[in-house]
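Have a look at the structure first.

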Amino acid sequence: MKNEALEVLRNRRSIRRYKSEQITEAELNAVVEAGTYAPTGKGTQGVKIVVVQSPEYVAAVDELNAKILNQPGSHPYYGAPTILLIFETDECVTHVLDGAAVCTNLLNAAYAAGLGSCWINRCKQMFELPEGKELLREWGLPDTLTGVASIALGYAEGEAPTPKPRKPDYVVKV
Ligand SMILES: Cc1cc2nc3c(=O)[nH]c(=O)nc-3n(C[C@H](O)[C@H](O)[C@H](O)COP(=O)(O)O)c2cc1C
């Protein structure tokens, strides 16, 4: 069976080197729209996707993640010009699961749109810090939002990594 969507799901890889050039508005919109069509518990769509593109805020989010990593001066978003932050809200009946479903849609849509992306951890802890809460308030968002995941997004620099072989017992048919 040959199918473009299946090829995308099979071939997407985490990208850890990015060009500094910003992605287009059309590419961004295609990716985030796909995120909004992810399944959510009871169809509540309670997830919030925050697009960070201003160099000042990209640097602030990168710094916040490095702080949680306890590696000040490192760049956990690998220099990507766009960062997507995925939050759960109090409407999110299935909480972190909804955010994770949105996150995987975003990653696969990014690959389908010709972009590189990587899921970046520690979003929850970042927005528990006073600096994280301050950023939420600056963005006009409630500082009670709970971080689920974040994504580095941009044009890939260099080749994508080769995936590890899949575990032979990954799938069990009964
Ligand atoms: C919950 C979760 C957290 C992750 N956190 C990070 C991270 O902080 N930094 C990073 O470089 N990759 C992160 N990744 C990406 C994984 O390392 C990557 O998906 C895995 O190595 C498989 O590679 P692939 O995505 O190219 O198939 C994360 C992935 C998941 C699902």
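## Overall build

With 174 residues, a compact globule would come out near 16 Å in radius of gyration (C-alpha atoms; the rule is 2.2 Å times the number of residues to the power 0.38). The protein has 16 Å, which agrees. Along the principal axes, its C-alpha atoms fill a box of roughly 50 × 40 × 35 Å.

This is a predicted model, with local features needing pLDDT of at least 70 and side-chain atom pairs 80 or more, while totals for chains, interfaces and linings use all residues. Numbering runs from 1 along each chain as its sequence is written, and side-chain values use heavy atoms, leaving out hydrogens and water.

## Fold and contacts

There are 6 helices and 4 strands (DSSP runs: H or I of at least four residues, E of at least two, numbered from the N terminus). Along the sequence they go α-α-β-α-β-α-β-α-α-β.

Take the contacts (heavy atoms within 4.5 Å) with a separation of 6 or more: 82% of them join residues 24 or more positions apart.

## A look at H6

Which residues of helix H6 (130-138) are buried? They're Gly132, Leu135 and Leu136. Seen down the axis of H6, the buried residues fall within an arc of 100 degrees (directions from the axis to the C-beta atoms), so they line one face of the helix.

Their cover includes helix H3 (55-69), strand E2 (82-88) and helix H5 (123-126). After H6 comes Gly140, with a positive phi near 75 degrees.

Definitions and conventions. Buried < 20%, exposed > 50% of the residue type's maximum accessible area, 1.4 Å probe, protein only.
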